[in-house]
Amino acid sequence: MTSRFTELTIDCHDPERLAAFWCAVLDLKVIDRNEHKVEIGSWEPTIEEVRARQMPPTLLFIQVPEGKTVKNRLHLDVSPIDCSTDDEVTRLLGLGAIKRDVGQGPDRSWVVMADPEGNEFCVVRSLAVTRSQTA
């Protein structure tokens, strides 16, 4: 017997707003919603597909009354695929993210940010192909 990692749930005040932010960040789409939750992903999961193989997990935003009070113990790392890390940070700032200092120090290669509700995430190495990789 095994299990599959099917979704990561994020508590929030405004599921629609946070889902829209993460859809723009990750180029995902809304695959399910109701009054108090929004689920986004790159695919619409079926039980058969999940059982057959490991599929990309979805993100599920659920409305809760309490606010975030401490640093996340679990966070997402994102890697830009078609630009530099600096360019991606600039894009994410334009989408409503903020830079966050969690004690990482200035000499790190990644950038700690927070989404519009304060959930930390990191922008790590760029996966963009450079000229030296194509030569």
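1. The accessible surface of the chain is about 8900 Å², and carbon and sulfur atoms hold 52% of that area. Accessible areas are calculated by the Shrake-Rupley method with a 1.4 Å probe, and for residues only the protein chains shown count as cover. The model is predicted: local features need pLDDT of at least 70, side-chain atom pairs count only at pLDDT 80 or more, and totals for chains, interfaces and linings use all residues. Residues are numbered from 1 along each chain as its sequence is written, and side-chain values use heavy atoms, with hydrogens and water left out.

2. The C-alpha trace of the chain spans about 45 × 40 × 30 Å along its principal axes. Of its 135 residues, 34% count as buried. Buried means under 20% relative accessible area, exposed means over 50%, and partly exposed lies in between (1.4 Å probe, protein chains only). Among contacts between residues at least 6 apart in sequence, 58% join residues at least 24 apart; contact means heavy atoms within 4.5 Å.

3. The chain has 4 helices and 8 strands. Their pattern along the sequence is β-α-β-β-α-β-β-α-β-β-β-α. Helices (H or I, at least four residues) and strands (E, at least two) are DSSP runs, numbered from the N terminus.

4. An open sheet is formed by 4 strands in the order 1-4-3-2, with mixed pairing. Two strands pair if DSSP finds at least two bridges between them. Strand 1 (7–12) and strand 2 (29–34) stand at the edges with a single partner strand each, so one side of each has no neighbour in the sheet. From one strand to the next the twist averages 20 degrees. Angles run from 0 to 180 degrees between N-to-C directions, and axes are lines fitted to C-alpha atoms, for helices over the stretch in contact.

5. The pairings are as follows. Strand 1 and strand 4 run parallel and are joined by 6 bridges. Here leucine 8 stands opposite leucine 59 of strand 4, and isoleucine 10 has phenylalanine 61 of strand 4 as its bridge partner. Strand 3 and strand 4 run antiparallel, with 4 bridges; isoleucine 40 also stands opposite leucine 59 in strand 4. Strand 2 and strand 3 (residues 37–41) run antiparallel and are joined by 5 bridges, with valine 38 in strand 3 as the bridge partner of arginine 33. Helix 1 (residues 15–26) packs on the sheet and touches strand 1, strand 2, strand 3 and strand 4 (58–63). The direction of helix 1 makes about 160 degrees with that of strand 4.

6. In a regular strand the side chains alternate between the two faces of the sheet. Strand 1 has Leu8, Ile10 and Cys12 on its covered face, and Glu7, Thr9 and Asp11 on its uncovered one.

7. The largest nonpolar core has 21 residues, and those with the most contacts inside it are Trp22, Ile40, Phe61, Met113 and Phe121. Such a core is a set of buried Ala, Val, Leu, Ile, Met, Phe, Trp, Tyr and Cys residues joined through side-chain atoms within 4.5 Å. At least two residues of this core come from each of strand 1, helix 1, strand 3, strand 4, helix 3 (85–95), strand 7 (111–114) and strand 8 (120–123). Helix 1 gives the most, with 6 residues.

8. Leaving aside neighbours within four places in sequence, tryptophan 22 is in contact with Asp27, Ile40, Leu59, Phe61, Leu76, Val78, Asp115 and Phe121. Aspartate 27 is in the loop between helix 1 and strand 2 and is exposed, with a relative accessible area of 69%. Its phi is positive, about 55 degrees, although aspartate 27 is not a glycine. Most residues other than glycine have a negative phi.

9. Valine 111 lies in strand 7. Valine 111 is 11 residues from cysteine 122 in sequence, and the two are 5.5 Å apart in space, C-alpha to C-alpha. Beyond its neighbours within four places in sequence, valine 111 is in contact with Thr85, Val89, Lys99, Phe121, Cys122 and Val123.

10. A disulfide is a pair of cysteine sulfur atoms within 2.5 Å, and by this rule the count is 0 disulfides. Cysteine 12 is in none, the nearest cysteine sulfur being that of cysteine 23, 12 Å away. Cysteine 12 is buried, with a relative accessible area of 1%. Cysteine 83 is likewise in no disulfide; the nearest cysteine sulfur, that of cysteine 122, is 16 Å away. Cysteine 83 is buried, with a relative accessible area of 16%.
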